Protein chains: 2
Amino acid sequence: MITSLANPAVKRIRGLARRREREAAGLFFVEGIRLVAQAADLGAPIVEVVLAPDLLHSEFARGVADRLAAGGVPVLEVSGKVFAGLSAKEGPQGIGAVVRQQWMRLEDISLAGFLGWIALDAVADPGNLGTILRTSDAVGAGGVILLGHTTDPYDPTAVRASMGAIFAQRLVRSDAADLARWAKGQGATIVGTSDRATDDYRTVTYPEKLILLMGSERQGLTEGMPANLMVRIPMVGVSDSLNLAVATGVVLYEIFSRRHPPHIPS
Amino acid sequence: MITSLANPAVKRIRGLARRREREAAGLFFVEGIRLVAQAADLGAPIVEVVLAPDLLHSEFARGVADRLAAGGVPVLEVSGKVFAGLSAKEGPQGIGAVVRQQWMRLEDISLAGFLGWIALDAVADPGNLGTILRTSDAVGAGGVILLGHTTDPYDPTAVRASMGAIFAQRLVRSDAADLARWAKGQGATIVGTSDRATDDYRTVTYPEKLILLMGSERQGLTEGMPANLMVRIPMVGVSDSLNLAVATGVVLYEIFSRRHPPHIPS
């Protein structure tokens, strides 16, 4: 059992709190029973399990760790003190996992079988990004295409906000020009939202193949973003915009509702 | 000009970073040009303006401060260093305001003229609460009724997330029993959401007088919460819930859409 924060394996995991080290290693660290169990259930590429036996009081979590170990995943046992040093939580549960990041290329993703994809330009808030992954998963969209300088979907705040969707949704990094080219090649429509659009999001026809493109928290969609169809969410209050994750959710559920009309009880 | 963080007036304002002192004083502190201008425009009860002339480079903001001063609001001039000590921001803009909290009693609020009200049970995340205020404002709801132990709507994170709606929306503190009694007296329906409800939120008839009751981030609606009509948001992914602010937004926009059907271009 490792009892020192100076241990090289422990230092490597602690480094994953920083984006630069996450990206260099292509890894991220998740902690807590729920997240580790979800990662295991969803077949996420877990490269290492971290256990602190003095903290871990859940039979269920021990079972998850045992199954992963039986499947050949290395287990790092650490003291409670070391685990607390790895943890961003108060009252850490004593189980965590190092997971491989999974990025796809635009040319390798498919529009078939999904509600669509979500493209986010310059999203800055990891909580928003994680929340959008959660909603994207809930409506059956394929995943999120990140454009420009964005926050990291593997930031611990984004991972927590995704409530497990980080292990189920697909992630792509691209830019506006490549997205436009790819969408055109696929015969897909890029739907953007803006308070200056004339079409109400409730009145347009959403094509079968679509990418919902959302602008940044600060600026919304900027000039030059390649939307083919612009829609507006009506608002009657003091503000001319909604929170990014809420606006994304409202439009996604409208599209969901067209694809899956409700069963009206007779 | 005040140059010391030990100045009693400055210490009083710094104390407003803590919930207990905000509640004891019945005040909160907002900073930044946009928020102070919104507070002034929306007629919020500003009790003091705080200016740091060495930081404030905006003519517009100086005009806002001048108008407030002309209206009799005291202005506290502080050094840039002192303002930075009051500020939670990097690169503070040098303008802030101390604003009186406004709470209403359940018996003094009205259902007429609003889309409805939102009741939140045990909401824990100030970002969610502020985001819900923002959406509530956008759809024309009256405000938020806070039940049980909740986070503080005047927490700086909630204020920022509300994007000015904190100055336009109404706030009430109550509990489940009083809410049920009041709703009954008003002939209002309490609509709750749950993944175990049988009715799809898209298929029910929403009564004219309604309160949308949302559970906490962790637990959703618990037993004993007084909902008269339960609805379910369909989900097809790995999770059985949406982010609280997203779920609230999706249902609010459905209700909005019933009240304000879109104009379909002919």
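**Terms and cut-offs**

Student: Which is B:Met163, buried or exposed, and how do you know?

Tutor: B:Met163 has 23 other C-beta atoms within 10 Å. A residue is called buried if 20 or more other C-beta atoms, placed from the backbone, lie within 10 Å of its own, exposed if 12 or fewer, and partly exposed in between. B:Met163 is therefore buried. A:Met163 also counts as buried, because it has 23 C-beta neighbours inside 10 Å.

Tutor: Before we go on, the model is predicted, which is why local features need pLDDT of at least 70 and side-chain atom pairs pLDDT 80 or more, while totals for chains, interfaces and linings use all residues. Residues are numbered from 1 along each chain as its sequence is written, chains are lettered from A and ligands numbered from 1 in the order in which they are written.

Student: What is the phi of B:Met163, and where is this residue found?

Tutor: Phi of B:Met163 is near 50 degrees, a positive value in a residue other than glycine. Most residues other than glycine have a negative phi. B:Met163 sits in the loop between helix 7 (156–162) and strand 7 (170–174) of chain B. For A:Met163, phi is also near 50 degrees, and the place is the loop between helix 7 (156–162) and strand 7 of chain A.

Student: How many helices and strands are there in chain A, and what makes a stretch count as one?

Tutor: Chain A has 9 helices and 11 strands. Both are DSSP runs numbered from the N terminus: helices are H or I with at least four residues, strands are E with at least two.

Student: Why are strand 7 and strand 9 of chain A said to stand at the edges?

Tutor: They belong to an open sheet of 7 strands in chain A, in the order 7-6-5-10-8-11-9, with parallel pairing. Strand 7 (170–174) and strand 9 (199–200) of chain A each have a single partner strand, so one side of each is left without a neighbour in the sheet.

Student: How do you know that strand 5 and strand 6 of chain A pair?

Tutor: Strands pair if DSSP finds at least two bridges between them. Strand 5 (residues 117–121) and strand 6 (residues 143–147) of chain A run parallel and are joined by 4 bridges, so by that cut-off they pair. A:Ile118, for example, has A:Val144 in strand 6 as its bridge partner.

Student: Which pairing does the open sheet of 4 strands in chain B have, and what is the order?

Tutor: The order is 1-4-2-3 and the pairing is mixed. Its edge strands are strand 1 (27–31) and strand 3 (75–77) of chain B. Strand 2 (residues 46–51) and strand 4 (residues 95–100) of chain B pair in the antiparallel sense over 5 bridges. In this pair, B:Ile46 stands opposite B:Val99.

Student: What makes two residues count as being in contact, and how many do so between chain A and chain B?

Tutor: Their C-beta atoms, placed from the backbone, must lie within 7 Å. By that rule, 34 residues of chain A are in contact with 34 residues of chain B. The largest share of the chain A side, 7 residues, comes from helix 6 of chain A. That side divides into 18 nonpolar, 12 polar and 4 charged residues. Here Asp, Glu, Lys and Arg are charged, Ala, Val, Leu, Ile, Met, Phe, Trp, Tyr, Cys and Pro are nonpolar, and the others, Gly among them, are polar.

Student: Where do the domains of chain A lie, and how do you know?

Tutor: The bounds come from an automatic or database domain assignment, which gives domain 1 (8–100) and domain 2 (106–259). Their C-alpha centres lie 30 Å apart, and 10 residues of domain 1 of chain A are in contact with 8 residues of domain 2 of chain A. Helix 3 of chain A gives the most to the domain 1 side, with 3 residues.

Student: What makes a set of residues a nonpolar core, and how many residues has the largest?

Tutor: Its members are buried Ala, Val, Leu, Ile, Met, Phe, Trp, Tyr and Cys residues joined through C-beta atoms within 7 Å. The largest has 162 residues, and those with the most contacts inside it are A:Leu120, A:Leu213, B:Leu120 and B:Leu213. Not counting residues up to four places away in sequence, A:Leu213 touches residues including A:Ala119, A:Ile190, A:Val191 and A:Met225.
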